[in-house]
Amino acid sequence: MDVKKLPAKAITTIGIGSVYPIYFPESIEELKSILKSEKVYILGGGSNTVLPERIESKLVSLKKFKKVEIKKNSIVLGAGVSLPEVLKLQIKEKFSLFEFLAGIPKATVGGLVAQNAGAFGKEIKDFLVEISFLDVNTLEVVILKDFTEFSYRKSPFPGKGVVLQAEFRIKRDRNVKKQIEHYVTLRLSKQPPFYLRTAGSTFKNPHEGSAGRLLDLAGLKGFKIGGVKFSEIHANFCVNEGGSFEEFKELISTAKMKVKKKFNVELELEVKIPD
């Protein structure tokens, strides 16, 4: 099993934090050996993770879980397959699946499933056939076909276990490349450009409406603490300009306080923070 010391900017899209040992298991047995005695955080592609300077958890990447199997009406994808890899395969094989997520940097299949990622009225659970996961209690591989525990930006993972692979329904689509380009253009028109260091949406949308709109109305668009700020383009995106985790925490705390005071709405983080 590879273990590499990597800086936050190499393992998360927002790049806040320090340097961490990252474990890269190559098999289920190696993953089991980590889970047996350690507090573990599965990193995914790091597109919705903000790392504290110091953490107790072992950071684990499943980037070597790369299975890809195309069937007649479905596709099986390993947890470590990246979103860009899937989109390239969609263009090559001409099928519809994750085009609505195009433009999310570095996301992996395991992370997308665990987050029940979504955009533009669609989410991951809409396409699931089954999930293979490693149960955290029994360390046995389990197949899940009931997705009633999935909801907006929520899934039973990682609480239930570690996603190993998932099977998704697909539809043949000769125009999928145009669809991918459409969603990338749409995302760029509403969100900060891809070259900026962000972690995607900071807060989940509450029942009262768009988190970005509430943050904007609370005067937080462009609001900055140290080297971290809310984007001038979309207030629900934190942009790292060389800031620290403490500055990020202060920015989040200030935003929650202002929105609570103005609208009596409790914002809930969408980004994940390991401990």
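Buried means under 20% relative accessible area, exposed over 50% and partly exposed in between, with a 1.4 Å probe and protein chains only. These legends describe a predicted model, in which local features need pLDDT of at least 70, side-chain atom pairs count only at pLDDT 80 or more, and totals for chains, interfaces and linings use all residues. Residues are numbered from 1 along each chain as its sequence is written, and side-chain values use heavy atoms, with hydrogens and water left out.

View A. Helices (H or I, at least four residues) and strands (E, at least two) are DSSP runs, numbered from the N terminus. In soluble globular proteins, nonpolar side chains tend to be buried together.

**View B. Phe 98 and its surroundings.** Contact means heavy atoms within 4.5 Å. Setting aside residues up to four places away in sequence, Phe 98 touches Leu 77, Leu 83, Val 86, Leu 87, Gln 90, Leu 112, Ile 124 and Phe 168.

**View C. Gly 78 in strand 6.** Gly 78 is buried, at 2% relative accessibility. Beyond its neighbours within four places in sequence, Gly 78 is in contact with Phe 65, Lys 67, Val 109, Leu 164 and Gln 165. From Gly 78 to Ile 131 is 53 residues in sequence and 10.0 Å in space, C-alpha to C-alpha.

View D. Lys 32 is buried, at 16% relative accessible area, whereas Glu 29 is exposed, at 53%.

**View E. A network of salt bridges linking Lys 224, Lys 229, Glu 232 and Glu 241.** Glu 241 and Lys 224 meet with 3.0 Å from N to O. This pair links distant parts of the chain, 17 residues apart: Glu 241 is in the loop between strand 16 (238–240) and helix 7 (245–263), and Lys 224 is in strand 14 (residues 224–225). Both are partly exposed, Glu 241 at 42% and Lys 224 at 45%. Lys 229 pairs with Glu 232, the closest N and O atoms being 2.9 Å apart. Lys 229 is buried, at 12%, while Glu 232 is partly exposed, at 47%. Side chains of opposite charge can pair when their charged atoms come close.

**View F. Arg 153 in the loop between strand 11 (141–144) and strand 12.** Arg 153 counts as buried, at 13% relative accessibility. Leaving out neighbours within four places in sequence, the contacts of Arg 153 are Gln 115, Asn 116, Ala 117, Gly 118, Ala 119, Glu 123, Lys 204 and Glu 270. Although Arg 153 and Glu 270 are 117 residues apart along the chain, their C-alpha atoms are separated by 7.6 Å.

**View G. Backbone details at Pro 158, Phe 120 and Leu 139.** Most residues other than glycine have a negative phi, and most peptide bonds are trans. Phe 157 and Pro 158 are joined by a cis peptide bond, with omega about 10°, and Pro 158 lies in the loop between strand 11 and strand 12. Phe 120 has a positive phi, near 55°, and sits in the loop between strand 8 (118–119) and strand 9 (122–123). Leu 139 also has a positive phi, about 55°; Leu 139 belongs to the loop between strand 10 and strand 11. Phe 120 is partly exposed, at 34%, and Leu 139 is buried, at 14%.

Methods. A salt bridge is a side-chain nitrogen of Lys or Arg within 4 Å of a carboxyl oxygen of Asp or Glu.
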